[in-house]
Amino acid sequence: MVIPEKTIKYLVLENHEGEINLTLEIVNVTKSFPGFTLGPINLKLQDNMIMVLIGPTGSGKSTLLNLIVGLTKPDKGSIYINDVDITNMPIESRRIGYFFQNPSLFPHSNVYENIVFGIRKGDRDNRKLQIKRLVESFGLSHLLDRNILGLSGGEMQKVSLARMLVTKPKIMLMDEPLVHLDTKTRVQLRKDLRRILKEEGVLGIYVTHFEDDVYALADTVSVLEKGIIKKSDTLKTMLTFPNNQSVSTSSISEFFQKDYNYLEGCVTESINGITTFKVGEHKFEILGDYPINSTVGVLIKPEDIILAVDFVHTSARNIIKTKVAAIDDANIKTGILNIHLVINNVSLVSRITQESKEHLKIIKGAYVYAIFKATAPHIVREEKSK
Amino acid sequence: MSNTRLINFKLVICVLSGIALVYIIYPLFSIFIFVEPSNLLDSLIRPDVIDAFVLSIGTASISTLLIAIFGIPLAYCLSRYKFPGRSVAQVIIVIPLVLPPLASGALLLGVFNPQSFLDRLFPNIEFTQSIIGIIIAQTYVASPFMILASMAAFDSVDKSLENVARVLGKRHWEVFIKISIPLAKKGILVGIMMTWIRAIGELGATLMLAYNPHTISIQIYEDNAIGGLSQAIPGIILSILLSVVLIIVYSIIVKKSSGDTRKNNKIFSFGES
């Protein structure tokens, strides 16, 4: 078989480990099914970014992944990896990892054989170390000889993920891989997933309908609705003033309906179970011990942020002077409204009653103190910094 | 009241089942009435019967191999690919199973008779009254067993596993050999077994196409026609012995296969754990 020149170009590029400038580009891709059309889709992803793709059921998320990996051929448009057109490249030559909803393990092989399935027999010895390292980082070492039938759901997903990563894909597509797992396993595996994807320098697209997945995994978020990408931006931008988004009536607001505050910063101090992290100039305190210089991301419910007109001495450890950027209309039924606050590069939303707002005479442009306890933030991301 | 009804119900079921079982097993024993114990061994090793027996086993094995080579790919094709006429093809493959074997034999005779186009094309090959004729008859009649069993086996293979293998960098051939075949193995084995059994037992089509050399079925048929049942005894006894072996092998395969299916279901229906 003659390998097309562009295939060689792609494969060679892939071998420059560590120094790869990876770009996945989807240009005007459309795919029609009876009663549904996906696209035209235009997306550009780079390097080891993780994009989380959200959208309602039937919005075409899985179809988009199938198009990228090659299980489905687009009607129109092209897909490029580093400017090489892979639209018509066979699946097995693309070297794109695909992590399915079901672990899809091979029932006639044991755990080890499943993991090394993608590596040629001759290469297995040379890559012993890499395999061992991956197996260990998933905590699968003691299961290698086991028949896959005895594994738990979480173990099966780990084997499946290890099997994919061992082939060293530079692009990894994940279709709700954690959906069938119980909450505890999901939280743990999600952490492992982001850590390992970053360690391996993998460009990832992660499809989900779990809000927590977005916070824990995303660098960027894209919203797919009725076959069209409605919105695509960094997680931070997506989370800032979610109610003012242009697609506020669609799934994005639905998805972030709890409109949590999201803060991400670098840990500067961790003493006696209290950790301080810095977002720009501002310091925040949370409960728990986290390594210094690591990055943490926390969610804070708007209800947990108290507003005060004057500085008050309280037991709350987080007090920050902010400016009122916007005030939403009050909910007719509940009389509750959102106050959007901003200071430097920090944005916060506080949810108070109409009565409180009037009592404190909060108006747009005024300065107020936002106050919350160290127990209020809920940690969703924790990463070692490079 | 209800208890009596239950007893009545069970009684009827048991009686009917008993009759069915006796009906199946009784002829196996009654045949020994015709055996004269003194010369049983002599009659068993009658050379012409042994030849016929060996010929049957040999031709059935070759036929099964041929059916496997062409039939398994056909089964894969019918299971995996969507093409116009696929449902028609799925019906066509059953024809040899539905046709009376004598009719199948007659059809084959139409194709392979000494005046036929094929016979003139290959003048050196004897298509009828030869081992080749026996194999032609057997392959035609027994092929549906292999194709149907393999098709069902391929249908039951989770296609996402094949997709995973491709994503992991395997070409179509490797996926077929490393995933599709091993996962469909048990079903294919059952198909091979059934095909072989059918080929061994073949009479009707062989009668039309290749009366000579005698297969074991034709030997029994002829012995009975010439010398009555007692003359046919050696062939019958050999056939019964072979069936016992086949039943044991077959039940082992089926047992293993059903065990595996249960395991497979468990894999794909795992829940929270």
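Over which residues of chain B does pLDDT stay under 50? The stretch is residues 261–273 of chain B, for which the model has 15 contacts beyond four places in sequence; pLDDT is the predictor's confidence in each residue, from 0 to 100, and two residues are in contact if their C-beta atoms, placed from the backbone, lie within 7 Å. Where pLDDT is low, the predicted coordinates should not be read in detail.

The model is predicted, and local features need pLDDT of at least 70, side-chain atom pairs count only at pLDDT 80 or more, and totals for chains, interfaces and linings use all residues. Residues are numbered from 1 along each chain as its sequence is written, while chains are lettered from A and ligands numbered from 1 in the order in which they are written.

Chain B averages a pLDDT of 87, with 92% of the residues scoring at least 70. Helices (H or I, at least four residues) and strands (E, at least two) are DSSP runs, numbered from the N terminus. For the complex, the predictor gives an ipTM of 0.71 and a pTM of 0.73.

Between the chains, 22 residues of chain A are in contact with 21 residues of chain B. On the side of chain A that touches chain B, the elements giving two or more residues are helix 3 (91–94) and helix 6 (153–165) of chain A. Helix 6 of chain A gives the most, with three residues.

Within chain B, the axes of helix 3 (residues 47–80) and helix 8 come within 6 Å and cross at roughly 35 degrees. Axes are lines fitted to C-alpha atoms, for helices over the stretch in contact, and angles run from 0 to 180 degrees between N-to-C directions.

Chain A contains an open sheet of four strands in the order 2-1-4-5, with antiparallel pairing; two strands pair if DSSP finds at least two bridges between them. Its edge strands are strand 2 (36–46) and strand 5 (84–85) of chain A, each pairing on one side only. Strand 1 (residues 23–33) of chain A is joined to strand 2 of chain A by eight bridges, and Thr23(A) stands opposite Gln46(A).

Strand 17 (residues 336–343) and strand 18 (residues 346–353) of chain A pair in the antiparallel sense over eight bridges, with Ile336(A) opposite Thr353(A). These strands form a hairpin with two residues between them, and Asn344(A) in the turn has a positive phi of about 50 degrees.
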